[in-house]
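Here is a friendly walk through one structure, from overall layout to single residues. Have the viewer open as you read.

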Amino acid sequence: MIPIYRSIQEIPAGFCPSVAAIGNFDGVHLGHQEILSSVVAEARLLGARSVAITFSPHPEQFLRPEKAPKLLTLMDERKRLLGMTGIDAVLELPFDADLAVLPAREFVRQILAEALGVRGLHEGGNFRFGHRAEAGMAELVKFGEEFGFSVHKHEPVHVHGLEVSSSAIRTLVTVGDMTRARWMLGRPFSVHSTPAKGRGIGTRLLVPTVNLASYEGLLPGFGVYVTRLTVGSRRFQAVTNVGNRPTFGEASFAVESHIRDFEPVDLDETTPIELEFLLRLRGEIEWPSPEALKAQIFKDVAKAKRYFRLVK
């Protein structure tokens, strides 16, 4: 695990100089990965440290919580993904009232120049920062000239003709388009959580069904999906329903996975699990009876089996 500094006071003596990128990095998608790979390359060229500067909570969650988007990756997973890009450290700044009103020039002076000794900064063209997002790339270039660092502007990454962004991926996940979301992320969209209480969860999982615990991040739109469920070192093929299970009367939201290649496995309510969404099979339907639903589940499982056979 790479070092995580949660304030500029935690940055150790002798850490400078550095090359950095600032952002929320939600999803750590292909656009983020390109920027961070350039940060790493320049840092190695200069003999400096490479740093991703991010915020917790997401600024929108602090400033406009009623309008803040559900996140593709919660902070622990985001930091793990950032570590996989090859950077040397993450600076996770608490986004609070003080940071929200900090002028752009003071952010540059206090954090980039004094705390990190930044020599190079890499950002996307739509980057803005400072109180009320007062500064953009033009101002950043001027600050770089003043404080002695270069500024590198990165153009958007495109994949299959689509511009990659966190907001675009959120839209795709919300409508269940897991294929295009995967293109932009460079990996399947996944949820990291724990099992819900009950439903056969004890010291061992003895039934081939796992419900996801309450989850605050983004979930795919209602429907049935081909998925992969990872528990420890064990990875299972699964079919997952996201929705209210209308066939059984009163609506009851659940993310319920039926494991195809099931075998008993150690699992309790604290066990970390990863659920990867691979393909949407259909929308959620209210069936006339549990028997009709059961018949459809067999069809869904058959389609999932065919999917896994073809992708091997």
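## Overall layout

In this predicted model, 72% of the contacts between residues at least 6 apart in sequence join residues at least 24 apart; contact means heavy atoms within 4.5 Å. The protein chain has 312 residues, and 49% of them count as buried, where buried means under 20% relative accessible area, exposed over 50% and partly exposed in between, with a 1.4 Å probe and protein chains only. Its C-alpha trace spans about 70 × 40 × 40 Å along the principal axes.

The secondary structure comes to nine helices and 16 strands. Helices (H or I, at least four residues) and strands (E, at least two) are DSSP runs, numbered from the N terminus.

## Confidence and conventions

How confident is the predictor, in terms of the mean pLDDT of the protein chain? The mean is 91, and 94% of the residues reach 70 or more; pLDDT is the predictor's confidence in each residue, from 0 to 100. Over residues 200–206, pLDDT stays under 50, and the model has 24 contacts beyond four places in sequence for them. Where pLDDT is low, the predicted coordinates should not be read in detail.

Residues are numbered from 1 along each chain as its sequence is written, and side-chain values use heavy atoms, with hydrogens and water left out. Local features need pLDDT of at least 70 and side-chain atom pairs count only at pLDDT 80 or more, while totals for chains, interfaces and linings use all residues.

## The parallel sheet

Six strands form an open sheet in the order β1-β4-β3-β2-β5-β6, with parallel pairing; two strands pair if DSSP finds at least two bridges between them. β1 (4–5) and β6 (150–154) are the edges, and each has a single partner strand, so one side of each is left without a neighbour in the sheet. Five parallel bridges join β5 and β6, and Glu123 has Lys153 in β6 as its bridge partner.

Helix α3 (residues 75–83) packs on this sheet, touching β1, β3 and β4, with its direction at about 165° to that of β3. Helix α5 lies across β2, β3, β4 and β5 and runs at about 140° to β4. For these angles, axes are lines fitted to C-alpha atoms, for helices over the stretch in contact, and angles run from 0 to 180 degrees between N-to-C directions.

Helix α1 (residues 30–46) has 17 residues and reaches 24 Å from its first C-alpha to its last, close to the 24 Å expected, a span defined as 1.5 Å times one less than the number of residues. Its buried residues include Ile35, Leu36, Val39 and Val40. Those buried residues pack against β2, β3, α3, β5, β6 and α7 (166–174). Just after α1, Gly47 takes a positive phi of about 70°.

Ile2 lies in the segment before β1. Is Ile2 buried or exposed? Ile2 counts as buried because its relative accessible area is 17%. Ile2 and Val90 are 88 residues apart in sequence, yet 7.5 Å apart in space, C-alpha to C-alpha.

## Nonpolar cores

A nonpolar core is a set of buried Ala, Val, Leu, Ile, Met, Phe, Trp, Tyr and Cys residues joined through side-chain atoms within 4.5 Å. In the largest one, of 31 residues, Ile53, Leu91, Phe107, Leu112 and Phe129 touch the most other members. α5 supplies the largest share of this core, six residues. Apart from it lies another core, of 30 residues, among them Val164, Ala181, Tyr215 and Leu275.

## The antiparallel sheet

Another open sheet of six strands runs β9-β16-β12-β13-β14-β11, with antiparallel pairing. Its edge strands, β9 (189–193) and β11 (209–211), each pair on one side only. Neighbouring strands are turned by 30° against each other on average, direction ignored. β13 (residues 234–243) and β14 (residues 254–259) pair over six bridges, and Ala238 stands opposite Ile259 in β14.

Helix α8 (residues 178–185) lies across β9, β12 (223–231) and β16 (273–282), at about 135° to β16. Helix α9 (residues 290–311) lies across β12, β13, β14 and β16, at about 105° to β16. Within strand β12 sits Thr230, which counts as buried because its relative accessibility is 14%. Beyond residues up to four places away in sequence, Thr230 touches Arg235, Pro272, Ile273, Glu274 and Glu276.
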